[in-house]
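Colleague: I would like to learn how to read a structure one feature at a time. Could we go through one together?

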Amino acid sequence: MTDLPARRLLLVHAHPDDESINNGATMARYAAEGALVTLVTCTLGEEGEVIGEGLAHLAADRDDRLGPHRVGELAAAMAELGVTDHRFLGGPGRFRDSGMMGLPQNDRENAFWRADLDEAAGYLVEVIRETRPQVLVAYDPNGGYGHPDHIQAHRVATRAAALAADSAFRPALGAPHTIDKIYWNRVPRSVAEEGLARLRASDAGFPGVAVVDDLPGVVPDARITAAVDGASQRERKAAAMRAHATQIAVDGPFFALSNDLGQPLFATEYYELAHGTSGAAPGERESDLFSGIAGDSGANA
């Protein structure tokens, strides 16, 4: 424990690529500043749709080899972000991508959506007690947009944070640890609207443009409690997103998923504090997820 960096950030995501889209600039910034950035991905993303014909054979309805391929994409993305500690919950392939809500894939025996909550959380407790993060970034209770794996990732992250602090829960997993602050991934509505307006006025070559309701985690501006400026990490975030080539097409400051609907690539990333105490002045947003944590030497700019 004494060898751990002073700042430690844990992020929990459902599938490879979610981390780069939501938190790529944040992860790159804190990794560059010397923090321990740990990513836990809950599935291999086996049910994802594949962009382009060259790798379409990997899809679940064909060769069903997309999951192992996305392991390599995630490793390449993490190299772009400078993140060296990235893991799959319970090990690669422990839990399978559940597909979109209401599909038969939800009911597979090993689907993440069906996972026993305490069993799945136990794997994350082990990571928490090992890395001892002060800050956890996860999804809101709806998973940002209602995907079953995102909802389950929220449940697992929340449950694991509670269990990790409980000395009576599986002491063999390590000494108890309490996480100071838990954030949910968010996008302020005004920022989403401005970004989409820029996209509509650009010459980006996407067949269509998303609308605000297509973007996960959009909330009224007043709910945003933290904004992490990742402008200096914009290119690293874009490179990480390009590494997820089966899932994301990047065009300058914009990108599209398999639906071919363009959306903004945000260099500033936004959060809502769900647990803990803000380090910002009343009415202000934090610019540092670690601000206000006892013993932290970083300042909230």
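Colleague: Is histidine 15 buried or exposed?

Modeller: Keep in mind that this is a predicted model. A residue counts as buried when its relative accessible area is under 20%. Histidine 15 has 6% relative accessibility, so it counts as buried.

Colleague: Where is histidine 15 found?

Modeller: Histidine 15 sits in a loop, with strand S1 (8-13) on one side and helix H1 (18-32) on the other.

Colleague: Which residues is histidine 15 in contact with, leaving aside its neighbours within four places in sequence?

Modeller: The list is Thr41, Thr43, Gly45, Arg70, Asp97, His147, Asp149 and His150.

Colleague: At which residues does UniProt place the feature "binding site"?

Modeller: The UniProt record, an unreviewed entry, puts that feature at His15, Asp18 and His150. These residues span 136 residues in sequence, yet no two of their C-alpha atoms are more than 9.6 Å apart, so they gather at one spot. His15, Asp18 and His150 are also included in the lining of the largest pocket.

Colleague: What does histidine 150 touch, not counting residues up to four places away in sequence?

Modeller: Histidine 150 touches Ala14, His15, Asp18, Tyr139, Gly143 and Tyr145. Its place is in helix H4, and with a relative accessible area of 3% histidine 150 is buried.

Colleague: Which helix does histidine 154 lie in?

Modeller: Histidine 154 lies in helix H4, which covers residues 148-164. Histidine 154 counts as buried because its relative accessibility is 11%. Residues up to four places away in sequence aside, histidine 154 touches Tyr139, Asp140, Pro141 and Trp184.

Colleague: How does one look at the contact with tyrosine 139 in detail?

Modeller: Look at the atoms involved. A polar atom of the histidine 154 side chain lies 2.8 Å from the backbone oxygen of tyrosine 139.

Colleague: Which side chain makes a polar contact with the side chain of asparagine 185?

Modeller: That of asparagine 23, at 2.6 Å. Asparagine 185 belongs to strand S5 (residues 181-188). At 7% relative accessibility, asparagine 185 counts as buried. Apart from residues up to four places away in sequence, asparagine 185 touches a set of residues that includes His13, Asn22, Asn23, Val137, Tyr139 and Tyr270.

Colleague: How far apart in space are asparagine 185 and alanine 76?

Modeller: From C-alpha to C-alpha, asparagine 185 and alanine 76 are 23 Å apart, and in sequence they are separated by 109 residues.

Colleague: Now the helices. What describes two packed helices?

Modeller: Two values do: the angle between the axes and the distance between the axes. Take H1 and helix H2 (residues 66-81), whose axes come within 9 Å and cross at roughly 40°. H1 and H2 are therefore oblique to each other. On the H1 side the contact is made by Glu19, Ser20, Gly24, Met27, Ala28 and Ala31, and on the H2 side by Leu74, Ala77, Met78 and Leu81.

Colleague: At what angle do H2 and helix H6 pack?

Modeller: The angle between H2 and H6 (residues 234-243) is about 170°, and their axes are 8 Å apart. An angle over 145 degrees counts as roughly antiparallel. H2 and H6 are therefore roughly antiparallel to each other. H2 contributes Glu73, Ala76, Ala77, Glu80 and Leu81 to the contact, and H6 contributes Arg236, Lys237, Ala239, Ala240 and Ala243.

Notes. Residues are numbered from 1 along each chain as its sequence is written. This is a predicted model: local features need pLDDT of at least 70, side-chain atom pairs count only at pLDDT 80 or more; totals for chains, interfaces and linings use all residues. Side-chain values use heavy atoms; hydrogens and water are left out. Helices (H or I, at least four residues) and strands (E, at least two) are DSSP runs, numbered from the N terminus. Buried means under 20% relative accessible area, exposed over 50%, partly exposed in between (1.4 Å probe, protein chains only). A polar contact is a pair of N or O atoms within 3.5 Å; within protein, one must be able to donate a hydrogen and the other to accept it, and residues adjacent in sequence count only if both atoms are side-chain atoms. Contact means heavy atoms within 4.5 Å. UniProt positions are given in the numbering used here, feature names are shortened, and annotations may be inferred rather than shown by experiment. On a 1 Å grid over the protein atoms alone, a cavity is a set of points where a 1.4 Å probe fits but cannot get out, and a pocket is an open set with protein on both sides within 12 Å along at least five of seven lines; lining residues have an atom within 4 Å of a point. Axes are lines fitted to C-alpha atoms, for helices over the stretch in contact, and angles run from 0 to 180 degrees between N-to-C directions. Angles under 35 degrees count as roughly parallel, over 145 as roughly antiparallel, 65 to 115 as roughly perpendicular and the rest as oblique.
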